[in-house]
Amino acid sequence: MGSFIWDRINQKLKIYTDFEENLAVLQKTSRNLVTQLEELDRSSSWERSDEWEEKVEALIDQVEHIERSIQKWNLFSTVPVYLYGRHVVNKMNEAKQLLEEGNYYLSKFFKYLILGGGVAAGYAAREFVKQGVKPGELAIVSEESVAPYERPALSKGYLFPTNAARLPEFHVCVGSGGERLDPSWYEEKGIELILNTKIVEASLNSKALRSENGRILKFGALIIATGSRVKKLSDFGVKGDDQAKNVLYLRDVKDADKIIEEIRVKKNGKVVVVGGGYIGLEVGAALKLNNLSVTMVYNDPWLMSRLFTKEIAEFYEQYYMSRGINLINETFVIELESDSSGEVKKVKLKNGRELEADFVVVGVGARPSTRLFQGQIEMSRGGIKTDGLFKTSIDDVYAIGDVAWFPMKIYNEMRRVEHVDHARKSAMKVVEGIMAKGEVVEEYDYVPYFYSRVFDLSWRFYGDNVGDATVVFGNRNPRAKKPKFGCYWIKDGRIMGGFLEGGSDEENKAIENLAWHQHKVDDLQELKDKGVSFAFELQDLEKTYVV
């Protein structure tokens, strides 16, 4: 008998729960239909259907009637469930069909469509205009709420305590000394910015994208410029990452604003920076400038281990420690311990240490954002395979920036490069090829280039950090007023790459030329003694190259 009663109770609870869920879906779908109607009213370019609009308006009225009727009943009354249960299901299915039909009317075609609103998108747009794109032919789809901007500013000037960089001052293309393209520029050129729009489905062969709210975007040619997404501590099995409020990452302006808010609220507090690469070094320096107590934790034996030699890293480690930053290497975070409000208060490390923290900033790498295209396009090494003009395995689909796995001519091998310099240059090259109109376009010829600026320091690297020998030269004293030193990477008797801290523009250009031409060197001691002046002896090899 008792079992029968409980079965009846559970059955009624399920009916009530199903009703609530169906009603919620109906209400949400109804709101999306209202949005579709508003979009149709805002633009005269959409295809219209009077019959569809009449059905939508009638359904919205019916939903409002159901909502008013249900409100008359007691919160726990089951009467609405029995009166309106089947009716809600029917209207929910009708609403879904109307929403799908509305997506057809709201579909829009662009001759050229850029997916992604980062640095590459902005530089591609500028090149399209240079190559003569007509108003209305080009659109950029972005999840962000702002026009493309120079992303490197986020880990540098954006976090400074004084004279901080703020939009619109660092919209592209100011990072390369070009014109600033604020939203009005796109409007003047007839380029549509489709912001706050997440694409959830891509049908490359059908040349169509579908957004989270159901909007369909069709294209003649698509440029995939989706960039990378951050790796999270939870990806490495760290406990407590997903639940914590004050564990922060840095990829866009919203992320940077969260860090700034933590700096404001946790004034003079303790922050743990996880990661010893680009983001870790630059954010760690910026946080210290904000008078926070900074501890950096990284799993590698030295900072920036993917690029720096041990000798180079030693300089920066000593410099950071001289600025009051604590460094803990060769260990990793295993758990984040939070208080009852969800705020991390303690960071537990693999080596047994526990660090107090008012907030945590994580920079442990990124992955190319290619999930939408899995199974549709040829991929390798996590990226989308392209040719020297960034054409993919599908006609009229191109990939640039972080996601492109492309032929690097200088080394005669395929590579993927995550850096703003490559994002800018690959964007310009792909548009040059698309708009060539039958003319021959020279394939992408690129030498890797990385740079950083922290505190009073500034370094650049050109080429490849491979070889059977390295030659370090110059003054690596971190206490020097203006330290200047560098390193050459030698492979088979040729200079493959060059690094220079504190160099002038002319000196950096000379190092770049060495990396381009892979000059032969016989005497490593001579190279060490001459340092950067060795590069100046080869000025006749200078190659024009826009930085």
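Is Lys-437 buried or exposed? Lys-437 counts as exposed, because its relative accessibility is 73% (exposed means over 50% relative accessible area, buried under 20%, and partly exposed in between, with a 1.4 Å probe and protein chains only). Here are some notes to read alongside the model.

1. A word on the basis. This is a predicted model, where local features need pLDDT of at least 70, side-chain atom pairs count only at pLDDT 80 or more, and totals for chains, interfaces and linings use all residues. Residues are numbered from 1 along each chain as its sequence is written, and side-chain values use heavy atoms, with hydrogens and water left out.

2. Two annotated spans. UniProt, in an unreviewed entry, lists "domain: FAD/NAD(P)-binding" at residues 111-427; its positions are given in the numbering used here, feature names are shortened, and annotations may be inferred rather than shown by experiment. Residues 111-427 are 20% helix and 28% strand, with 17 Å between the end C-alpha atoms (helices, H or I of at least four residues, and strands, E of at least two, are DSSP runs numbered from the N terminus). The unreviewed entry in UniProt also places "domain: Monodehydroascorbate reductase 3-like C-terminal" at residues 447-535. That span, 447-535, is 26% helix and 40% strand, and its end C-alpha atoms lie 17 Å apart.

3. Positive phi values. Lys-437, a residue other than glycine, has a positive phi near 55° and sits in the loop between helix 9 (420-434) and strand 22. Met-304 is not a glycine either, and its phi is positive at about 50°. Met-304 belongs to the loop between strand 10 (293-297) and helix 8, and it counts as buried because its relative accessibility is 8%.

4. Cis peptides worth a look. The loop between strand 2 (138-141) and helix 5 (183-188) holds Pro-168, and a cis peptide bond joins Leu-167 to Pro-168 with omega about 15°. Cys-173 is also found in the loop between strand 2 and helix 5. The bond from Val-172 to Cys-173 is cis, again with omega about 15°. I would be glad if you looked at both spots in the viewer.

5. Cysteines. Cys-173 counts as buried, because its relative accessibility is 0%. Cys-487 is buried too, since its relative accessibility is 0%. There are zero disulfides in the structure, a disulfide being a pair of cysteine sulfur atoms within 2.5 Å.

6. Ala-469 and its surroundings. Ala-469 is part of strand 24 (residues 469-475). Leaving aside neighbours within four places in sequence, Ala-469 is in contact (heavy atoms within 4.5 Å) with Tyr-488, Trp-489, Ile-490 and Leu-524. From Ala-469 to Met-304, C-alpha to C-alpha, the separation is 19 Å in space and 165 residues in sequence.

7. The structure has two cavities of 30 Å³ or more, a cavity being a set of points on a 1 Å grid over the protein atoms alone where a 1.4 Å probe fits but cannot get out, with lining residues having an atom within 4 Å of a point. The largest cavity holds about 50 Å³, a volume being the space filled by probe spheres set on the points, which are joined across faces, edges and corners. Its lining residues are Tyr-278, Leu-281, Glu-282, Tyr-316, Tyr-320, Ser-452, Val-454 and Trp-459. Helix 7 (278-289), helix 8 (310-322) and strand 22 (449-454) each give two or more residues to that lining, and helix 7 gives the most, with three.

Conventions
On a 1 Å grid over the protein atoms alone, a cavity is a set of points where a 1.4 Å probe fits but cannot get out, and a pocket is an open set with protein on both sides within 12 Å along at least five of seven lines; lining residues have an atom within 4 Å of a point.
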